[in-house]
Structure formats: structure tokens, C-alpha cells
Amino acid sequence: MKIVSLTMVGNESEIIESFIRYNSHFIDKMIFVSTCCIDNTLLIIRNLISEGYHLELIVEPVISFEQRYLDNKYMKKIAYEEDADLFIPLDVDEFLTGCGNPRTIMERLPMDRVYEVCWKNYAMSKDDDINEPFIPRRLVNFKINFKGNNVRKVMIPMKMILHNNVILGTGHHYVSGDDIRIEHINQLKMAHYPVTSKEQFMSRLYGNNIKFIIWTNRGNEDGEHINKQIAEIEEGHDIYRIANGYGLDDNENIEWLKEPLNLSYCPPNSLQMKYTQLAKVDFLHNINCIGQMMAVKSYNLERDAQDNKQLPTIMVYGTGDAAKNMLNGLPESCVNIRAYINSDPNKRFQMFNRRLVVSPEWIRFFVFDRIVISSAKYYDEMKVSLIKNGVEKEKICNVNYLFDLVYEESRK
């Protein structure tokens, strides 16, 4: 059996390494889609890819988080492109567990029905060892009377995605489709760690609140728990109670049972965390970057309204003399210049030729046909930087690309 998972990632630096190192014991390939990550999450994923983990990272340029659309888009893509048997949509705070080895349990499932498993929710407490980087060892208290333990998540056979017109609901809590049989599995659980530290909780809560404002296609109740938690914080309630209620429970006395996640299926050395420095959460930095990200979205909307949609759209790497010489005399009627790229952090978000200047790590928030490297001297160095930041090699070119456009324009 081949099992493939799909995970949407935002700012998940504190938990992403734990999530991958643990769940990879049961999943053959893990696919990640990022739309608006601004912390070290993507760097950690790329480091784990370099270690040999079977991961795929896809960076979407859209900033608004249209979860249901993206989930279904990539679920269908995976079903058609991956020769696999079982598809598991996983959030980054979910860890497969059960009354036996999760892999063995899944391999025994008939592939003619959709399966549901319940959350097993863990609490953040003042007694947690905040210096423990592996999250299931840091959070060991299971919330036994929490109604969130009744929340169900789905697992879907690939052949049903292909033949039963399956549509995945928001949050992976349900599916719809043609002639679908659904079965609940008691032997499996999703150990759920939505809150791993006070800093992570505040960063996630306020960051998601900002991003949800531009999630225009969300349902009436999507994000309701976030608004409730923020209101309680602003009213001065205890942050641990708020975090552990997850906006789902008004019970002020959630009962805990010390019940650490069963790690017996994982060799001890396989859970050694290597990227603890990258995992640190900086609340103010994250909120500042999310604000900058929203401003970039606004800039792109403005450029969308002004650019000629019949022309190719480029970004230009460089704002020095080479770029000025390259653009000297370039007809505006042959190309849309969306923004400029400069590796100097002091240049970031300045303007050059009435266009925004961004550093390479911000390229992923732009849609473009090509990136034109203006410098011949530093071409190779700039190309390496672009590839490191996820730009496809086919989209990187030199000034000859512009010469060809000018030539084509002259022949009209």
C-alpha cells in the first residue's frame, strides 16, 4: 500500500519538524502546499528534503487562504499523478496514532469507503517543558472531557477520488460525492496539538485573524472560534484556558489525563530534532510580516488593474546600473514589469521606476511569466538565489528575453 498525505502550511516553524519526523513513519509521501508562510517553515521543510525525507513542497503565490479550493485542487492532482492507494489530508498539528501501529491498521482497511477518525486533543500547560523541541514529548496531557474529541477527520481511498466525484469539505471534517460509504475507525486517532506554546498561540491566533479577513469564500462559521478566543483574551481571561478551549468549549474545567503519545513505533533516533533555532516563534516579527504580506497583496491588486493583460509579466532581478541600462529604451508596450528584486535588505519595499522592490524570499507572493536577471557579472549567483527561493529554472532568463520581446514588437 502507498499512502500520500496533503498538508497546507502557514507559519508552523515550531511544530513542522516534529510533524514530519513522526508521521513519515506511517506515510510514504508527504505533500505540502504553502500560500502565506513568512517564518522558517519552508526552510525546515527544504532541510528535511535534503536529509532524504520523501516530501514535496509546492508554493502557491496567492496570499488569501482559500482552503477548500486548494485542498480539492491538490487532492485531484495527487489522485491523478500519484500511484497511491490512500489519501490523508493532514493539518500540521495532527499526528496519527491508535491502539496499534497506525501503518498496520491502515494497511488492513478495505479501499471501498471513506474513513473517519476522531481527534485526540492535547492541552498546553504551565508545566510543559518549553525547551523540549519534539512537540508530543512537550505536551503530554490529554483533554479527556473536551468536546473537540468528537471532531472527525477523513481519509479517502484514491480510487474513490477518481471515480466517486469526491469533494473534500473545509477542515477535512467531511466529504461529499456519488455513492459514498463512510465508516468510523475507533482503532485510529488524530493526536491534535493546536497550541504548543504561548508565543505560538498568540502568533497563530492573531495571524489567522488577519488572513481570514481576505478569505472571501469562507463559510459563515469559518473562523468563529478565532474571533471568540481573541474576544476572551481582550477581556482578560486566562490564556491557558482560552488556548485549551480552542474556541469550541465553554467548560472552564477541562480535565487532563497524563497520556503521552505512543512513540513505540518510531526508532528513538528518528525523532531527534535538528532545527530548534529555526523553530523559535517570534510573535511580533510574524505579525509584522503578515501585515507586509497584506500590503503586497494590495500592491499586486493595484498592478493587476493597471497592467495590460495581453502582455507577459516579468520581475527584474537588480536595481543597479545594469538594470537601468537594460531597461533604457524598453517600450512599455512589450512587457509588464511587476516588481524588482534586490538581495540587500535595506532596499526591501522601496520603489524603483515606480515599482516595488522585494527581497528574494518575497518572490513567492507574485505571479509572473519570467524573472529577468539584469546583471551578466552576477548572473550565476542570482540564479542560485532564485532557485533556492523556489523559482523554477524555466522561468529564469537574461536580458535576451527582453530583446526578443522588443524584436517581436517591432515586427507588428
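Ground rules first. The model is predicted, so local features need pLDDT of at least 70 and side-chain atom pairs count only at pLDDT 80 or more, while totals for chains, interfaces and linings use all residues. Residues are numbered from 1 along each chain as its sequence is written, and side-chain values use heavy atoms, with hydrogens and water left out.

Of its 20 lining residues, Asp-39, Asn-40, Glu-361, Arg-364 and Asn-389 are the closest to the centre. Helix H2 (41-51), helix H11 (283-306) and helix H13 (379-388) are the elements that each give two or more residues to this lining. By class, the lining has seven nonpolar, seven polar and six charged residues.

Terms, quickly. A pocket is an open set of points on a 1 Å grid over the protein atoms alone, where a 1.4 Å probe fits, with protein on both sides within 12 Å along at least five of seven lines; lining residues have an atom within 4 Å of a point. Nonpolar covers Ala, Val, Leu, Ile, Met, Phe, Trp, Tyr, Cys and Pro; charged covers Asp, Glu, Lys and Arg; the others, Gly among them, are polar. Helices (H or I, at least four residues) and strands (E, at least two) are DSSP runs, numbered from the N terminus.

Next, the sheet. Six strands form an open, mixed sheet in the order S15-S16-S14-S13-S17-S18. Two strands pair if DSSP finds at least two bridges between them. Val-316 stands opposite Val-372 in S17.

Now helix H1, residues 16-23. Eight of its eight residues are buried, so H1 is largely enclosed by the rest of the structure. Buried means under 20% relative accessible area, exposed over 50%, and partly exposed in between (1.4 Å probe, protein chains only). The buried set includes charged Glu-17 and Arg-21. These buried residues pack against strand S1 (3-9), strand S2 (29-34), H2, strand S3 (55-59), strand S5 (94-98) and helix H5 (135-138).

Last, single residues. Ile-226 lies in helix H8 (residues 224-234). Ile-226 is buried, at 4% relative accessible area. Beyond neighbours within four places in sequence, Ile-226 is in contact (heavy atoms within 4.5 Å) with Leu-205, Asn-208, Asn-209 and Phe-212.

Asp-178 sits in the loop between strand S10 (175-176) and strand S11 (182-192). Asp-178 is partly exposed, at 45%.

Two backbone notes to finish. Phe-349, in the loop between S14 and S15, has phi near 70°, a positive value in a residue other than glycine. Arg-354, in the loop between S15 and S16, has a positive phi near 65°. Phe-349 is partly exposed at 26%, and Arg-354 is exposed at 62%.
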